[in-house]
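Hi there,

Here is the structure I promised to pass on to you. Please open it next to this email and look up each residue as you read.

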Amino acid sequence: MTRPGDVWRNWGRSASVRPVRVERPRSPEGVQRAIKAAAAQGLTVKAIGAGHSFTGIAVAPGVLLELDDMQGLVSADAATGLVTLLAGTRLHRIPALLRPHGLAMQNLGDIDRQSISGAVSTGTHGTGRTFGGIATQVRGLTLVTADGEFLRIDETHNSEMLPGAIIGLGALGVVVEVTLQCVPAFVLQAVDAPAPLDETLDTLHEQAASADHLEFYWHPHTDVALKKTQTRLPESAKRHPIPALRHWVDETVLANGVFGAFCAVSRIVPGIIPPFNRLAVRLTGDGEYSDVSHRVLVHRRNVRFREMEYAVPAENLVPAFRELQQLISERRWRIEFPVEVRFAASDDLWLSTAFGRDSAYIAVHRYWRADPREYFDAVEQIMLRHGGRPHWGKLHSLTADQLRERYPRFDDFVALRDRLDPGRLFGNRHLERVLGA
């Protein structure tokens with residue numbers, strides 16, 4: 001929570017601002033009042049959720065709207081699976097809200113600290129060759145627009161706007177409600193297993209095609225892929241969750257405690273990175289278990305980092321990844337964070353990184369106290385050569401003219417923005433860069 005007069009900072013500490021005013025509306029009507037007041041005073045407005053975007057997309061130099069008090073279930077229909085949530089609802093709260101209705105979200109990313117509106121608006125995704133990002137689960141949303149009016153967009157109201165408004169980057173208005181298409185609750189059977197990296201890359205597309213969910217992590221300076229393969233089972237399937245003690249050791253002690261200490265020390269002694277990474281692949285990434293879906297898909301990430309992620313056409317994944325390997329080797333960099341590879345199905349959302357093509361994602365990270373620019377800039381050039389599109393909530397250097405070349409419906413989105421926010425009430429410097437002035 002940001003106190004009046006304080007500086008707001010995002011989770012990755014890569015963006016900050018001292019807003020003119022902070023407001024914490026408790027209802028959609030409260031958002032409406034705040035927007036009307038800001039417009040009357042000539043102040044811009046930005047809504048924030050968990051601040052988990054690494055870019056300046058949520059930076060609010062005028063009025064900052066914190067939606068922490070706008071969480072919870074508006075409605076749920078177990079028969080249709082349609083569920084409406086207040087926009088500030090954190091992803092980690094949703095499973096408990098859906099449980100009484102026998103429902104679950106179809107897919108999730110591996111972090112669940114974000115708000116539902118933030119995750120949708122920036123194109124957050126999980127993995128699975130036949131599953132889209134979280135935004136593809138949206139069937140409707142309600143905005144408060146620049147004129148202070150509620151605008152419902154769904155399959156029966158303003159439906160022509162829906163594919164453009166879902167991944168809206170906060171540029172069209174303030175989302176106050178999101179309607180999701182949920183599915184019957186299900187169990188995931190997971191197999192975490194190390195495998196030779198070259199062998200994994202050689203058969204990666206076949207493995208992705210045969211699994212419901214597949215991803216892998218690669219620790220630079222090793223020749224091992226830490227694969228995570230998950231199979232969907234009915235809710236009635238017998239569960240074999242990770243024992244509590246082992247889960248605590250793996251996630252709290254190793255993945256957060258020991259890894260956090262290693263990242264801090266590695267800034268002073270970078271020579272420890274290669275041997276530590278080789279040790280890490282021997283100590284982690286091996287196990288078989290099953291549990292309710294969100295407990296398998298999601299992991300706790302307490303060590304702060306900064307991230308860049310690009311979506312490339314699925315067929316370009318392996319050559320792009322091999323160039324990344326070669327880059328790290330040739331530059332003799334010491335990279336402490338693993339590289340993550342995931343998949344998503346093609347969709348028709350205008351600003352989706354998977355618009356019109358089956359996609360694969362390569363995500364690179366650095367510890368938050370390390371300067372990522374040289375690494376990220378070089379990796380970005382590889383991804384661009386392979387047709388990459390940057391994740392909207394993660395660091396990248398592209399401008400509107402460059403992004404227009406990569407999104408066939410880019411100008412349609414800009415036209416929708418001109419229609420809904422001609423005065424740029426919801427603008428900021430970051431949106432100026434990526435969407436144009």
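Below is what was found in it, topic by topic.

First, some ground rules. This is a predicted model, in which local features need pLDDT of at least 70 and side-chain atom pairs count only at pLDDT 80 or more, while totals for chains, interfaces and linings use all residues. Residues are numbered from 1 along each chain as its sequence is written, and side-chain values use heavy atoms, with hydrogens and water left out.

**Cysteines**

How many disulfides does a search of the whole structure find? The search comes back with zero. For the search, a disulfide is a pair of cysteine sulfur atoms within 2.5 Å. As background, a disulfide is a covalent bond between the sulfur atoms of two cysteines. Two cysteines to look up are C182 and C263. C182 counts as buried because its relative accessibility is 4%, and C263 counts as buried at 0%. Here buried means under 20% relative accessible area, exposed means over 50%, and partly exposed is in between (1.4 Å probe, protein chains only).

**Salt bridges**

The structure holds 23 salt bridges. The term stands for a side-chain nitrogen of Lys or Arg within 4 Å of a carboxyl oxygen of Asp or Glu.

- R113 pairs with D112, and their closest N and O atoms are 3.0 Å apart. R113 is partly exposed, with a relative accessible area of 41%, whereas D112 is buried at 14%.
- K228 pairs with D192, with 3.3 Å between the closest N and O atoms. K228 sits in strand β15 (residues 224-234) and D192 in strand β13 (residues 186-196), so this pair ties together parts that are 36 residues apart in sequence. Both K228 and D192 are buried. (Strands, E, of at least two residues, and helices, H or I, of at least four, are DSSP runs numbered from the N terminus.)
- R342 meets E340 through their side chains, at 3.4 Å from N to O. R342 is buried because its relative accessible area is 4%, and E340 is buried as well, at 3%. Salt bridges that share partners join E307, E309, E340, R342 and K394 into one network.

Is H365 buried or exposed? With a relative accessibility of 8%, H365 counts as buried. You will find H365 in strand β19 (residues 359-367). Its side chain makes a polar contact of 3.4 Å with the side chain of E307. The side chain of H365 also reaches the backbone oxygen of P338, at 3.2 Å. A polar contact is a pair of N or O atoms within 3.5 Å; within protein, one must be able to donate a hydrogen and the other to accept it, and residues adjacent in sequence count only if both atoms are side-chain atoms. Leaving aside neighbours within four places in sequence, H365 is in contact (heavy atoms within 4.5 Å) with several residues, including F305, E307, F337, E340 and Y375.

**V17**

V17 belongs to strand β2 (residues 16-17). At 13% relative accessibility, V17 counts as buried. Apart from neighbours within four places in sequence, V17 is in contact with D6, V7, W8, V59, A60 and P61. V17 and G56 are 39 residues apart in sequence, while their C-alpha atoms are 9.4 Å apart in space.

**A nonpolar patch**

Which residues make the nonpolar surface patch of about 310 Å²? L245, W248 and V249 do. V249 lies in helix α7 (residues 244-266), and V249 counts as partly exposed because its relative accessibility is 30%. Patches are made of residues with over 30% relative accessible area and no salt bridge: like charges are joined within 9 Å, nonpolar side chains (Val, Leu, Ile, Met, Phe, Trp, Tyr) within 5 Å. Accessible areas come from the Shrake-Rupley method with a 1.4 Å probe, and for residues only the protein chains shown count as cover.

**Two positive phi angles**

Most residues other than glycine have a negative phi. N158 has a positive phi of about 55 degrees although it is not a glycine. N158 lies in the loop between β10 (150-154) and α4 (162-165), and is partly exposed at 30% relative accessibility. R424, also not a glycine, has a positive phi of about 60 degrees. Look for R424 in the loop between α13 (410-420) and α14 (429-435); at 22% relative accessibility, R424 counts as partly exposed.

Enjoy exploring!
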